[in-house]
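Please work through each task before reading its solution.

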Amino acid sequence: AGASIINDVTGLVRDPEPASVAASHRALLVIMHMKGTPRDMQQDPRYEDLVGEIASFLEAQIAAAESRGLPREFTIVDPGFGFAKTPAHNLEVLRRLGEFAAAGRPLLIGTSRKSTLGVVLGGAGVRERLEATAATVAIAIANGANIVRVHDVPEMVRVARTADAVMSAGL
């Protein structure tokens with residue numbers, strides 16, 4: 001159908017076919033971390049080593065995609081902010097985002113309007129999370145994110161340009 005990126009929120013766990021489709025069409029594949037299913041992922045998510053477990057999962061799924069013919073350079077990793085993680089987990093992922101760079105793949109994160117931001121803001125509704133989204137986008141870029149998934153595109157483009165300028169020490 002002409003898509004150039006496939007975003008697999010299951011991380012190839014439920015169905016490895018997206019890797020084969022991406023390989024056959026030379027499309028990029030976003031591999032996202034999530035434990036469980038959308039129905040049960042938020043029921044008491046636990047980790048012994050949050051970042052280590054996510055990083056190991058992403059590396060294993062990159063290898064799984066490679067085994068289905070998708071070159072490593074066609075993968076993007078997403079630690080799954082908001083997916084099978086508590087608000088505390090999500091904030092730790094954001095603080096330690098740079099540790100996912102070890103996979104050597106572009107890093108995508110989607111913090112936009114997520115419920116964790118509502119918790120941080122004391123119960124703010126979805127439409128009251130613009131500034132919190134802007135803060136997390138800037139922090140994500142400062143911590144190594146290459147791609148940010150957002151709802152409020154014009155506003156976050158300005159945030160991203162500013163963060164990029166700060167991080168590159170130039171215009």
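**Exercise 1: Two helices in contact**

Task: Determine how the axes of H2 and H3 are placed relative to each other, and which residues make the contact.

Solution. In this predicted model, the axes of H2 and H3 come within 10 Å and cross at roughly 70°. Angles of 65 to 115 degrees count as roughly perpendicular, so H2 and H3 are roughly perpendicular to each other. On the H2 side, the contact is made by Leu50, Val51 and Ile54; H3 contributes His89, Glu92 and Val93. Sorted by class, this contact has four nonpolar, one polar and one charged residues.

**Exercise 2: The largest nonpolar core**

Task: Identify which residues touch the most other members of the largest nonpolar core, and which elements give two or more residues to this core.

Solution. The core has 33 residues, and Leu29, Leu97, Phe100 and Ile109 touch the most other members. Two or more residues come from each of helix H1 (17-25), strand E2 (28-32), helix H2 (50-67) and helix H3 (87-95). H2 gives the most, with seven residues. Leaving aside residues up to four places away in sequence, Phe100 touches Val51, Ile54, Ala55, Leu58, Pro79, Val93 and Leu107. Another core, of seven residues, lies apart from the largest one and includes Ile141, Met156, Val159 and Ala160.

**Exercise 3: Strand E2**

Solution. Within E2, Leu28 is the bridge partner of Ile5.

Definitions and conventions: Residues are numbered from 1 along each chain as its sequence is written. This is a predicted model: local features need pLDDT of at least 70, side-chain atom pairs count only at pLDDT 80 or more; totals for chains, interfaces and linings use all residues. Side-chain values use heavy atoms; hydrogens and water are left out. A nonpolar core is a set of buried Ala, Val, Leu, Ile, Met, Phe, Trp, Tyr and Cys residues joined through side-chain atoms within 4.5 Å. Buried means under 20% relative accessible area, exposed over 50%, partly exposed in between (1.4 Å probe, protein chains only). Helices (H or I, at least four residues) and strands (E, at least two) are DSSP runs, numbered from the N terminus. Contact means heavy atoms within 4.5 Å. Axes are lines fitted to C-alpha atoms, for helices over the stretch in contact, and angles run from 0 to 180 degrees between N-to-C directions. Angles under 35 degrees count as roughly parallel, over 145 as roughly antiparallel, 65 to 115 as roughly perpendicular and the rest as oblique. Ala, Val, Leu, Ile, Met, Phe, Trp, Tyr, Cys and Pro count as nonpolar, Asp, Glu, Lys and Arg as charged, and the others, Gly among them, as polar. Two strands pair if DSSP finds at least two bridges between them.
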